Amino acid sequence: MPAILLAVMVVVLGAEVFSRYLLSRSILGASEIAELCFVWLVYLSAIGVLRRRRHIAVDALRMRLGSRGQALLDCLTNAIMAGTLGLLLLRAWTFVSRTNFSPLPATGLSRRVLAVAVLVGIAGMLVHVLLHLVAALRGARSDSYSAEPESLGDLDDIEQGKGTAI
């Protein structure tokens, strides 16, 4: 879904640039559609990054610990993240449910669509953090815990400077 949103955003903005500078006309609602795609892209991508454990992390301490120590540290960090996301989810729900959103000027869509993206993103991240927490709790009881980021194939080599992007 994020790839589709990105493609729509690129096509809409490309058409807007073409229309504005070559035809001297603007496409009604193009910037609003791009804004909607961007906001949803950010929050849906955040869910995917968290699910794959590809977020930025400082792992200097974690790498020095054994399997059980890593599991316990992951229990702590996932519990903190779950608590934070839970609080954010409550606040986002309150905001979305109590606010009277005005429509976007060109498309007429409610601005609630933007706020719901935040709500969906936080809820999706919370689900995956809780799944990671359960896995860490199970790992703390055994010696075979591993919570390595999901592999991205050749992109892992590029990320580590072992390959080329071209």
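**Exercise 1. Helix 4 and helix 5**

Find out in this predicted model which hand the crossing of helix 4 and helix 5 has, and how the two helices are directed relative to each other.

*Solution.* Start with the hand: helix 4 crosses helix 5 in a left-handed way. Next, take the geometry. Two packed helices are described by the angle between their axes and the distance between the axes. For helix 4 (67–98) and helix 5 (residues 112–140), the angle is about 155 degrees and the axes are 8 Å apart. Angles over 145 degrees count as roughly antiparallel, and therefore helix 4 and helix 5 are roughly antiparallel to each other. Last, look at the residues that make this contact: 26 are nonpolar, five polar and three charged.

**Exercise 2. Helix 1 and helix 2**

Work out whether helix 1 and helix 2 are roughly parallel or antiparallel, and list the residues that make their contact.

*Solution.* Helix 1 covers residues 2–22 and helix 2 covers residues 30–51; their axes cross at roughly 155 degrees and come within 9 Å. This angle makes helix 1 roughly antiparallel to helix 2. The crossing of this pair is left-handed. From helix 1, the contact takes in Pro2, Leu5, Leu6, Val8, Met9, Val12, Leu13 and Glu16, while helix 2 brings Ala30, Ile33, Ala34, Cys37, Phe38, Trp40, Leu41, Leu44 and Ser45. Sorted by class, that contact has 15 nonpolar residues, one polar and one charged.

**Exercise 3. Helix 2 and helix 5**

Now turn to helix 2 and helix 5: at what angle do their axes cross, and what does it say about their directions?

*Solution.* The axes cross at roughly 5 degrees and come within 8 Å. Angles under 35 degrees count as roughly parallel, so helix 2 is roughly parallel to helix 5. Residues of helix 2 in this contact include Glu35, Trp40, Tyr43 and Arg51, and among those they meet in helix 5 are Val113, Gly121, Met125 and His132. The classes here are 16 nonpolar, four polar and two charged.

**Exercise 4. The largest pocket**

Describe the largest pocket: what is its volume, and which helix gives the most to its lining?

*Solution.* Begin with the volume, which is about 660 Å³. There are 21 lining residues, and the closest to the pocket's centre are Arg53, His55, Ala57, Arg62 and Pro149. Then go through the helices: helix 3 (60–64), helix 4 and helix 6 (154–159) each supply at least two lining residues. Helix 4 gives the most, with five residues. Finally, the lining divides into nine nonpolar, four polar and eight charged residues.

Methods:
Residues are numbered from 1 along each chain as its sequence is written. This is a predicted model: local features need pLDDT of at least 70, side-chain atom pairs count only at pLDDT 80 or more; totals for chains, interfaces and linings use all residues. Side-chain values use heavy atoms; hydrogens and water are left out. Axes are lines fitted to C-alpha atoms, for helices over the stretch in contact, and angles run from 0 to 180 degrees between N-to-C directions. Helices (H or I, at least four residues) and strands (E, at least two) are DSSP runs, numbered from the N terminus. Angles under 35 degrees count as roughly parallel, over 145 as roughly antiparallel, 65 to 115 as roughly perpendicular and the rest as oblique. A crossing is left-handed if the near helix is turned anticlockwise from the far one by less than a right angle, and right-handed if clockwise. Contact means heavy atoms within 4.5 Å. Ala, Val, Leu, Ile, Met, Phe, Trp, Tyr, Cys and Pro count as nonpolar, Asp, Glu, Lys and Arg as charged, and the others, Gly among them, as polar. On a 1 Å grid over the protein atoms alone, a cavity is a set of points where a 1.4 Å probe fits but cannot get out, and a pocket is an open set with protein on both sides within 12 Å along at least five of seven lines; lining residues have an atom within 4 Å of a point. Grid points are joined across faces, edges and corners, and a volume is the space filled by probe spheres set on the points.
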